[in-house]
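Please look through the chain shown here before reading the report. The text then goes from the overall layout to single residues.

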Amino acid sequence: MYTPEEILELAKERDEMPFIIICDEIGSDEDVRAMIQAMNAGVPVIATAHGDSPSSFVHRPQMQQLIKSGAVERLFFLTGAHQPGVLRQMFDVRGLYENIR
């Protein structure tokens with residue numbers, strides 16, 4: 001398993017970009033920079049991060065960077081361990097940017 005940053009480095013070495021990057025558990029500043037870099041290069045990214053509500057997600061500095069950059073379009077919240085993989089809520093982030101300036 002590679003970090004987003006490692007995937008981009010491998011792509012540069014091979015002189016080719018992936019079609020899509022899927023990341024589990026983003027959160028570090030390096031993850032955020034790599035995701036934004038990939039998306040600026042036209043590579044879609046699907047990523048997971050822990051959070052129990054839109055407000056808990058939006059108040060994390062790394063997530064604010066992703067939202068402000070336009071890298072995040074939607075948040076999906078799952079029900080949790082008692083019902084793994086069941087969608088609880090979908091949230092469109094277009095209006096979040098104004099709330100975190």
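Predicted model: local features only at pLDDT ≥ 70, side-chain atom pairs only at ≥ 80, totals over all residues.

Residues are numbered from 1 along each chain as its sequence is written, and side-chain values use heavy atoms, with hydrogens and water left out.

The protein chain has five helices and four strands, where helices (H or I, at least four residues) and strands (E, at least two) are DSSP runs numbered from the N terminus. Read from the N terminus on, the elements follow the order α-β-α-β-α-α-β-β-α. Of the 101 residues in the protein chain, 31% are buried; here buried means under 20% relative accessible area, exposed means over 50%, and partly exposed lies in between, with a 1.4 Å probe and protein chains only. The chain exposes about 6,900 Å², of which carbon and sulfur atoms supply 52%; accessible areas come from the Shrake-Rupley method with a 1.4 Å probe, and for residues only the protein chains shown count as cover. Among contacts (heavy atoms within 4.5 Å) between residues at least 6 apart in sequence, 47% join residues at least 24 apart.

The axes of helix H2 (residues 29-40) and helix H4 (residues 61-69) come within 9 Å and cross at roughly 10°. That makes H2 roughly parallel to H4, because angles under 35 degrees count as roughly parallel, over 145 as roughly antiparallel, 65 to 115 as roughly perpendicular and the rest as oblique. Axes are lines fitted to C-alpha atoms, for helices over the stretch in contact, and angles run from 0 to 180 degrees between N-to-C directions. On the H2 side Asp29, Val32, Met35 and Ile36 take part, and they meet Gln62, Gln65, Leu66 and Ser69 in H4. Glutamine 62 is buried, at 19% relative accessible area, and, not counting residues up to four places away in sequence, glutamine 62 touches Gly27, Ser28, Asp29 and Val32.

Side chains of opposite charge can pair when their charged atoms come close. A search of the whole structure finds two salt bridges, each being a side-chain nitrogen of Lys or Arg within 4 Å of a carboxyl oxygen of Asp or Glu.

| Salt bridge | N to O distance |
|---|---|
| Glutamate 30 and arginine 33 | 3.7 Å |
| Glutamate 73 and arginine 74 | 3.5 Å |

Glutamate 30 and arginine 33 both lie in helix H2, three residues apart, about one turn of the helix. Glutamate 30 is partly exposed, with a relative accessible area of 37%. In the other pair, glutamate 73 counts as exposed at 52% relative accessibility, whereas arginine 74 is partly exposed at 39%.

On the surface, Phe19, Ile20, Ile22 and Ile46 form a nonpolar patch with about 490 Å² of accessible area together. Phenylalanine 19 lies in the loop between helix H1 (4-14) and strand S1 (21-23) and counts as exposed, at 81% relative accessibility. Patches are made of residues with over 30% relative accessible area and no salt bridge, with like charges joined within 9 Å and nonpolar side chains (Val, Leu, Ile, Met, Phe, Trp, Tyr) within 5 Å.

Glutamate 25, in the loop between S1 and H2, has a phi near 60°, a positive value in a residue other than glycine.
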